[in-house]
Amino acid sequence: MSSAVETTYPRSAEAGHWGTEVRSDVHVAFEARDSGGVEISLESRVAPYYGTAILEQTRGVLSELGVNDARVAIHDEGALPFVIAARIEAAARRAGIALGKRSLPEQHPLPPPSQKDRLRRSRLYLPGSEPKYYINASLHGPDAVILDLEDSVHRGEKDAARILVRNTLRTVDFGSCERMVRINQLPLGLEDLAEVVGESPDLILIPKVEESEQVREVDRMIGEIKTRHGIIRPIWIMPILESALGIENAFAVATASENVAALTIGLEDYTADLGVVKTAEGRESQYARSRVVNAAHAAGVLAIDSVFSDVADMDALRRWAEASRAMGFEGMGCIHPGQIRVIHEAFQPSAVEIEKARNVVAAFEEAQNKGLAVVSLGSKMIDPPVVQRALKLVERAKAMGVTS
Amino acid sequence: MVNGKPQIPFLGVGKYQPRGRKAAPAICSNKDYPDSGDKRVADLETALRKCGLRDGMVISNHHHLRDGDKVALMALEAAARIGVKDLMWFPSASFPSQESAIHLMEKGVIHHIEGSMNGPLGDYCTQGRMRGMGVLRSHGGRYQAIQDGEVHIDVAVIAAPTADFFGNADGSHGKSACGLLGFALADSIYADRVVVVTDNLAPFPCVPWQIQGNNVDFVVEVESIGDPEKIVSGTTQITRSPDRLRIAELVAQFLRAAGIMKNGFSFQAGAGGIALAFVEYLKQMMKQDGVKARFVRGGSTKFLVELLQEGLTDYILDGQTFDLDGVRSIANDPRHVATSPFTSYNYHGKGNFASLVDAVVLGATEVDVNFNANVVTHSDGRLLHGIGGWQNCLFAGCTILALPSFRDRIPVIVDEVTTMTGPGEMIDVVVTERGIAINPRRTDLLHAVAVQGSKLPIRPIQDIKAEVEKICGKPARPRLGDRPCAVVKWVDGTVLDTVWQVS
């Protein structure tokens with residue numbers, strides 16, 4: 001951010017997208033002027049309904065950004081107000097105007113804070129420059145949404161995506177989904193944090209983590225911003241291990257901060273690092289994934305699997321997810337809403353498992369009531385770890401809604 | 001008055017009771033037709049001349065070849081060449097490929113169009129450039145208008161994928177096969193003169209004779225009646241939009257939860273992306289529950305054909321065929337039955353099939369908080385769709401509108417529809433990605449899903465509307481002109497609403 005002072009900016013710049021293929025986005029061409037006031041031109045496919053509202057909003061945003069003289073050309077493809085505001089701000093900043101200023105849309109009430117060990121079976125990736133996917137994302141019922149600033153955002157779009165993601169966190173109702181943000185690899189990721197942490201995301205994913213220090217650096221910065229904004233709710237961290245070195249340091253990474261809530265693996269980069277082919281069976285990453293599961297459990301955090309990239313093959317996804325659960329993972333990523341249900345079914349304990357666990361829990365409660373130290377079920381004695389596992393399984397099954 | 005004819009305003013569903021006798025064509029006699037049965041003439045111009053086509057007459061065409069049709073323009077251009085003016089063109093529906101009809105209106109060959117208009121033709125009408133008023137009717141309403149004499153067809157020109165020289169015609173065979181010719185049935189019976197145009201002349205007899213040669217005056221052979229690629233699609237595509245898939249699944253889940261999906265039931269769904277996906281979801285549920293339908297109503301696609309082939313329905317009662325699987329099936333499978341607007345939709349029949357269907361899944365451009373729906377105009381007043389069988393289908397046991405709650409920021413649930421096409425008392429359920437609204441009049445459906453204790457997101461329609469307006473902002477109401485340019489008819493021939501010139 002400090003380099004911004006020395007950078008020379010063009011007088012005019014643009015942000016956003018338009019065209020016949022584009023939906024729910026807007027393109028803003030911004031030209032700074034020395035005098036003459038604000039001049040806005042608008043073309044919109046929703047002009048008869050929202051033309052006046054868009055012009056009014058544009059004037060409001062420019063005024064918040066302290067822009068008094070500019071020519072602004074807007075091509076709107078049915079963008080929602082939080083998108084329009086983000087694109088105007090991005091264009092203005094790219095033109096070197098309004099640096100350090102923000103135009104924050106009206107805030108939607110924050111959902112309750114997220115629990116460290118909450119259910120995280122599925123997390124739906126939402127590309128950070130594709131606003132059309134945001135509004136309905138929670139309707140598909142993932143446990144979490146990830147607003148992604150990393151791989152799904154083009155290098156030249158990082159600045160605009162960050163502003164859009166910030167506005168999204170602020171205004172979009174994601175229902176009961178945990179609101180995650182995947183920042184960029186450090187140090188670029190620190191600029192992402194500066195923009196988004198103030199909007200209280202529930203969890204930050206850090207990509208390509210190899211050393212515990214990277215987690216600590218992010219944790220420190222989150223802490224500083226939280227203090228500055230007076231945020232007291234937790235913001236959890238999920239490091240993504242994506243290299244052989246990262247895997248080797250799995251436990252150190254998982255224990256780098258108390259705010260690490262889960263540990264996950266990125267298989268595209270990991271297999272590339274090893275120079276092997278990524279397959280639907282995943283034998284090539286068996287060791288790495290086992291290592292992640294073990295390190296996560298040792299650190300007392302959730303082990304979360306990678307994504308499954310063939311969105312058309314639901315049978316292969318189901319096999320992968322079932323194997324993943326059997327290994328000890330508690331969830332995985334989704335790159336398409338269609339994957340959510342299959343993943344939830346795969347990570348759901350079977351009726352037989354739930355029944356067994358319920359019996360163990362009942363026996364445990366009975367023993368407690370009778371003041372017995374030893375729990376027994378029929379003729380068998382039940383060890384404390386079995387009881388713990390059963391309690392956790394029943395609790396998870398309740399959270400998944402598969403049992404009451 | 002519309003195009004010089006007095007009109008009766010909509011009185012309410014089932015309130016208007018017409019009297020009198022049905023219309024009939026002029027008496028004709030065998031002696032005026034060749035004993036050989038050969039009614040072929042050299043070309044369309046000759047046929048139209050022999051039909052006595054004159055200024056101000058009504059000429060009709062049909063949309064069974066959909067956007068691939070070449071015959072309508074061929075007929076209108078032949079009329080232009082013989083110097084006829086001021087025709088009323090009476091298509092069962094018009095398509096974007098028929099844009100050049102605008103040119104014929106500018107030249108004075110066509111006076112006005114009574115039939116669905118969209119795209120460039122729709123704009124021409126709503127810009128107030130057409131000389132007469134557009135009249136939009138449902139498929140059943142078109143049959144009704146012909147039967148009660150409101151529209152008298154002077155010359156009907158019917159495109160036939162297969163025909164013999166006697167005029168027997170079939171839609172399910174030939175290089176331009178489309179499946180069915182039902183939209184031309186009324187015209188073949190009630191028009192004064194009937195011309196069949198084919199690119200696949202078969203030796204007599206052409207079977208099945210979906211159009212009976214006994215009603216036909218002339219047969220014209222041409223190189224090609226249509227563009228096969230645009231007549232039927234090779235494959236119909238299910239929507240891939242997760243939001244639309246969710247809507248489709250909610251519709252299927254609703255039918256199951258409301259107890260409508262049970263052995264011997266029936267349903268109808270169109271060929272839109274949501275409707276096709278609905279059929280796939282319903283199919284899985286039917287298999288899971290061991291439920292079989294007695295019949296399903298087309299427009300048929302490969303998805304309905306699969307239901308038939310997998311024994312999940314006894315019959316397809318088809319109105320039109322949208323893809324190659326549908327065409328093959330109707331040509332070969334006796335359980336895939338051709339129907340027409342007469343059997344399915346007509347108001348002046350002694351009953352029709354539409355009210356026998358347990359559930360129908362339809363689209364709409366807008367629906368209001370009283371469940372009134374608009375299917376013909378965009379919210380800005382521009383003509384967008386024809387009515388098709390939409391109004392007729394509202395008579396089903398349970399009418400479901402499946403729609404996204406907003407499109408391009410524009411909310412679909414509004415205070416008042418731009419153009420009333422279907423009265424709210426006929427519309428039972430609105431399914432959006434944000435929830436299912438049941439018409440409060442349908443206490444039985446509300447009760448049925450409540451008893452099931454379903455997890456379905458059943459919500460008051462006002463709630464969904466408020467949520468969407470919170471996301472999108474409340475839209476301004478576009479200003480419409482005060483000059484009428486078309487009317488929307490109800491199935492009984494009364495005028496339901498007016499389409500105003502767009503400013």
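In chain B, helix α10 (residues 302-309) and helix α11 (residues 324-332) have axes that come within 7 Å and cross at roughly 40°. Helices here are DSSP runs (H or I, at least four residues), numbered from the N terminus, and axes are lines fitted to C-alpha atoms, for helices over the stretch in contact, with angles running from 0 to 180 degrees between N-to-C directions. By class, the contact holds 2 nonpolar, 2 polar and 2 charged residues. Ala, Val, Leu, Ile, Met, Phe, Trp, Tyr, Cys and Pro count as nonpolar, Asp, Glu, Lys and Arg as charged, and the others, Gly among them, as polar.

The model is predicted, so local features need pLDDT of at least 70 and side-chain atom pairs count only at pLDDT 80 or more, while totals for chains, interfaces and linings use all residues. Residues are numbered from 1 along each chain as its sequence is written, and chains are lettered from A and ligands numbered from 1 in the order in which they are written.

Stepping back to the whole of chain B, the domain assignment gives domain 1 (36-114 + 151-231) and domain 2 (242-479), with bounds that come from an automatic or database assignment. The C-alpha centres of these domains of chain B are 32 Å apart. Domain 1 of chain B brings 13 residues to their contact and domain 2 of chain B brings 15. On the domain 1 side there are 7 nonpolar and 6 polar residues, and no charged ones.

Chain A is assigned domain 1 (2-94), domain 2 (122-346) and domain 3 (351-400). Between domain 1 and domain 2 of chain A, the C-alpha centres lie 31 Å apart. Their contact takes 13 residues from domain 1 of chain A and 11 residues from domain 2 of chain A. Helix α2 (residues 81-94) of chain A supplies the largest share of the domain 1 side, 7 residues. That side has 8 nonpolar, 1 polar and 4 charged residues.

Finally, the two chains meet through 17 residues of chain A and 16 residues of chain B. Helix α1 (residues 47-64) of chain A gives the most to the chain A side, with 5 residues. The chain A side divides into 10 nonpolar, 5 polar and 2 charged residues.

Technical notes
Two residues are in contact if their C-beta atoms, placed from the backbone, lie within 7 Å. Helices (H or I, at least four residues) and strands (E, at least two) are DSSP runs, numbered from the N terminus.
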